[in-house]
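Hi,

Here is the structure I promised to pass on. Have a look at it first, and then read my notes below.

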Amino acid sequence: MKLRRPVILGLLALLMTVPSVAAEETASQRLHELFEREWKHRLAESPQMASAVGVHGANDRLGSFSMEALERRHRRTLEFLAELDAITPESLCEEDRINAAIFRDQLEDRVAGFEFGAYQV
């Protein structure tokens, strides 16, 4: 009987860690899905960049720099940033926290660039 109690307590302690692992996987999955959607959006909005990185499905097009297109990309960047804000960094593994921080910097740079009129240069 004495041997069973530590084993049962050990199993209970192990089971208590399962939700945090599942939450980490869920947050990590959400982050990676966000990366994928943002990348596809960037490739679609910038056919020249897509061609430069080896995605040749839009070689016959140029990206638009109309004010409408710039505003659309800005709104979408803000949406991506809001999605990133919804992912708690503490729910991510260290590697994903670093990737999320770098991604945040990239998105914030794009937002600042638009707001400061960098497209006019």
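A word on the ground rules before we start. This is a predicted model, in which local features need pLDDT of at least 70 and side-chain atom pairs count only at pLDDT 80 or more, while totals for chains, interfaces and linings use all residues. Residues are numbered from 1 along each chain as its sequence is written, and side-chain values use heavy atoms, with hydrogens and water left out.

**The fold**

The chain has four helices and zero strands, so you can read its elements from the N terminus as α-α-α-α (helices are DSSP runs of H or I with at least four residues, strands are runs of E with at least two, and both are numbered from the N terminus). Of its 121 residues, 25% count as buried. Here buried means under 20% relative accessible area, exposed means over 50%, and partly exposed is in between, using a 1.4 Å probe and protein chains only.

Ala 100 sits in helix 4 and counts as buried, at 9% relative accessibility. Arg 30 belongs to helix 1 and is partly exposed, with a relative accessible area of 37%. Between Arg 30 and Ile 87 there are 7.7 Å, C-alpha to C-alpha, and 57 residues in sequence.

**Salt bridges**

Side chains of opposite charge can pair when their charged atoms come close. I count a salt bridge when a side-chain nitrogen of Lys or Arg is within 4 Å of a carboxyl oxygen of Asp or Glu, and the structure holds 10 of them.

Which parts does the bridge between Glu 45 and Arg 72 tie together? The closest N and O atoms of Glu 45 and Arg 72 are 2.9 Å apart. Glu 45 lies in helix 1 and Arg 72 in helix 3, so the pair links parts that are 27 residues apart in sequence. Glu 45 counts as buried, at 16% relative accessibility, whereas Arg 72 counts as partly exposed, at 33%.

Lys 40 pairs with Glu 36, with 3.8 Å between the closest N and O atoms; both lie in helix 1, four residues apart, which is about one turn of the helix. Lys 40 is exposed at 53% relative accessibility, and Glu 36 is partly exposed at 40%.

Arg 61 and Asp 60 also form a salt bridge, their closest N and O atoms being 3.4 Å apart. Arg 61 is partly exposed, with a relative accessible area of 48%, while Asp 60 is exposed at 67%. There is a network too: salt bridges that share partners join Glu 38, Arg 42 and Arg 110.

**A nonpolar patch**

On the surface, Trp 39, Val 53 and Val 55 make up a nonpolar patch with about 230 Å² of accessible area together. Patch residues have over 30% relative accessible area and no salt bridge, with nonpolar side chains (Val, Leu, Ile, Met, Phe, Trp, Tyr) joined within 5 Å and like charges within 9 Å; areas come from the Shrake-Rupley method with a 1.4 Å probe, and for residues only the protein chains shown count as cover. Val 55 is in the loop between helix 2 and helix 3 and is partly exposed, at 38% relative accessible area.

**The largest pocket**

The largest pocket has a volume of about 510 Å³. A pocket is an open set of points on a 1 Å grid over the protein atoms alone, where a 1.4 Å probe fits and protein lies on both sides within 12 Å along at least five of seven lines; lining residues have an atom within 4 Å of a point. Its volume is the space filled by probe spheres set on the points.

The lining has 22 residues, with Phe 65, Leu 70, Arg 73, His 74 and Arg 110 nearest the centre. Helix 1 (4–45), helix 2 (47–52), helix 3 (67–85) and helix 4 (94–115) each give two or more residues to this lining.

Cheers
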